[in-house]
Amino acid sequence: MIPQKDLIVVTSAPHLHSPDNVPTAMRDVLIALTPALLAALYFFRLPALLVILVCVISAYAAEIVCLKIMKRESPTRESSAIITGLLLAFCLPPSLPLWMAVLGTLFAIVVAKHLFGGLGQNIFNPALIGRAFLLASFPVAMTNWTNPLDGLTTASPLGIMKEAGGEVLPPLGEIFLGSVSGSIGETSALALLLGGAYLLYRRQIDWRIPGTFLGTVFLLTAVIGGIKGEGLWYPVYHLCAGGLLLGAFFMATDWVTSPVTKLGRILFGIGCGLLVVLIRTKGGYPEGVAYSILLMNVVTPLLDRYTKARVFGRVKSHA
Amino acid sequence: MNLKNEFTKGIVRENPLFRLLLGMCPALAVTTSVNNGLGMGVAVTGVLLASNIVVSSMRKIIPPGVRIPAFIVIIATFVTITDMLMHAFTPALYTSLGIFIPLIVVNCIILGRAESFASRNTLLPSVIDALGMGIGFTLALVVVSAVREVLGAGTFFGLQLLPENIPALIMILPPGGFIALGCLLGLMNKFQKKTA
């Protein structure tokens, strides 16, 4: 009897082999999230640390229990759940009661991920579903922002922009570095750009989604800013404030819930950008990144179907 | 024909909501509180009972070609009566159920029982069938609305169970209806597979 590993595997072309697999991809995402994590800990200190720990631990525990109950194997040794927990914590306010954070994480892992079939089968980004669930359930606790410098309760920059009155907008420099009120991991544009650049460099994400997403938001807000006579700071402010960079680099690019075709990805990014600007300028919420990505997740299968590449050598039938 | 069997089938084995997946529209829309769920269940049971009685006794004189319009006219009559009765005697419930009372006309359970049972059976089995199906539907609505009211408002029949800031508001919003119904259907399937 020949040992299994000595047999030559005969397959058809292409005979490509890549060292990349799910665990290395998850490791890259974790590395890319590190700058934002450090910025969050620096600006929001202990409350942020507690929310992050609680989310990550409960995500890990929920994943293990779900895998066991549903008798599923995980190719990622649960690291995908850690990322879901971390991403969810990044889009929660640091002052959120911890039991709410646990509830949101459980909803993300159990309902949004495992009830839909587990890793690779979920229609929606689990972390964003967790956030949407919490925002619909506890609207007051989820919009209680604190300023990291003085610890006072304040509106988020986009909230101030929307209400147009009362509080003064924080300057662009603070928005870029992250010393403003907001969700735990979304305030520091610099840290998120570093992480995004790393993912692009490692080719874990395709430039098409964040590129068209951010580009659409920039163009539209530049036009709106131009009409309002605000000048160039206005679109830049829209890019750096709120959860846009976090969403564009880490959530819209989720491999499971975004299109696989190139054209599909471009359309996906444009759609996300359009919806974000629409919600931010016309909608009831000051911020709309989470909902815009969730809405585009819904049409991902359609985008994939209608942008399928033509098989080489085949002629379009003239029926 | 076993009358006891006709009665119990509507409650568990062929529960209109959990097994036949009929009447989903009211099951999602009005189950925000046990009070509403129970009210809707009783209203549907009343209309179902009356329409089954009339359809069953008129089954020989309704021409098969126009039976569906005839059933709808019979059902609409009783829905109108129910609508007026509720408006007169339970104004609070009438207001909170709103458009879903007249919509009982198009409830698939009632038309389904008229078509598949009352129009083919004699009076007594039709009455038993209507009672079983109606009670089964009412129980299902109460279960769904109890889950949603306790989790979403922290109350049961208006009694405060959970402290003020605990309940997750989403459960009494539309998404909560889909989540609660979906999870209950999944549990019912698992439970039924084991006993079957």
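How many residues does helix H9 of chain A have, and how far does the helix reach from its first C-alpha to its last? In this predicted model, H9(A) covers residues 208-228. The helix has 21 residues and reaches 29 Å. That span is close to the 30 Å expected at 1.5 Å a residue.

Several residues of H9(A) are buried. They are Arg208(A), Ile209(A), Pro210(A), Thr212(A), Phe213(A), Leu214(A), Val217(A) and Thr221(A). The cover over these buried residues includes four helices of chain A: H8 (189-201), H10 (233-240), H11 and H12 (262-282). Just after H9(A) comes Gly229(A), with a positive phi of about 75 degrees.

H11(A), part of the cover over H9(A), also packs against H13(A). H11(A) spans residues 244-251, and H13(A) spans residues 289-306. Their axes lie 9 Å apart, at an angle of about 30 degrees. Angles under 35 degrees count as roughly parallel, so H11(A) and H13(A) are roughly parallel to each other. On the H11(A) side, the contact involves Leu244(A), Gly247(A) and Met251(A). These meet Val289(A), Ala290(A) and Ile293(A) of H13(A). By class, the contact has five nonpolar residues, one polar residue and no charged residues.

Chain A also touches chain B. Six residues of chain B are in contact with six residues of chain A. On the chain B side, the touching residues divide into six nonpolar, no polar and no charged. Chain B has a mean pLDDT of 90, with 97% of its residues at 70 or more. For the complex, the predictor gives an ipTM of 0.81 and a pTM of 0.86.

Terms used:
Residues numbered from 1 in each chain as written. Chains lettered and ligands numbered in written order. Predicted model: local features only at pLDDT ≥ 70, side-chain atom pairs only at ≥ 80, totals over all residues. Axes fitted to C-alpha atoms, helices over the stretch in contact; angles between N-to-C directions. Helix = DSSP H or I, 4+ residues; strand = E, 2+ residues; numbered from the N terminus. Parallel < 35°, antiparallel > 145°, perpendicular 65-115°, else oblique. Contact = placed C-beta atoms within 7 Å. Nonpolar A, V, L, I, M, F, W, Y, C, P; charged D, E, K, R; others polar. pLDDT = per-residue confidence, 0-100. Expected span 1.5 Å × (residues − 1). Buried ≥ 20, exposed ≤ 12 C-beta atoms within 10 Å, placed from the backbone.
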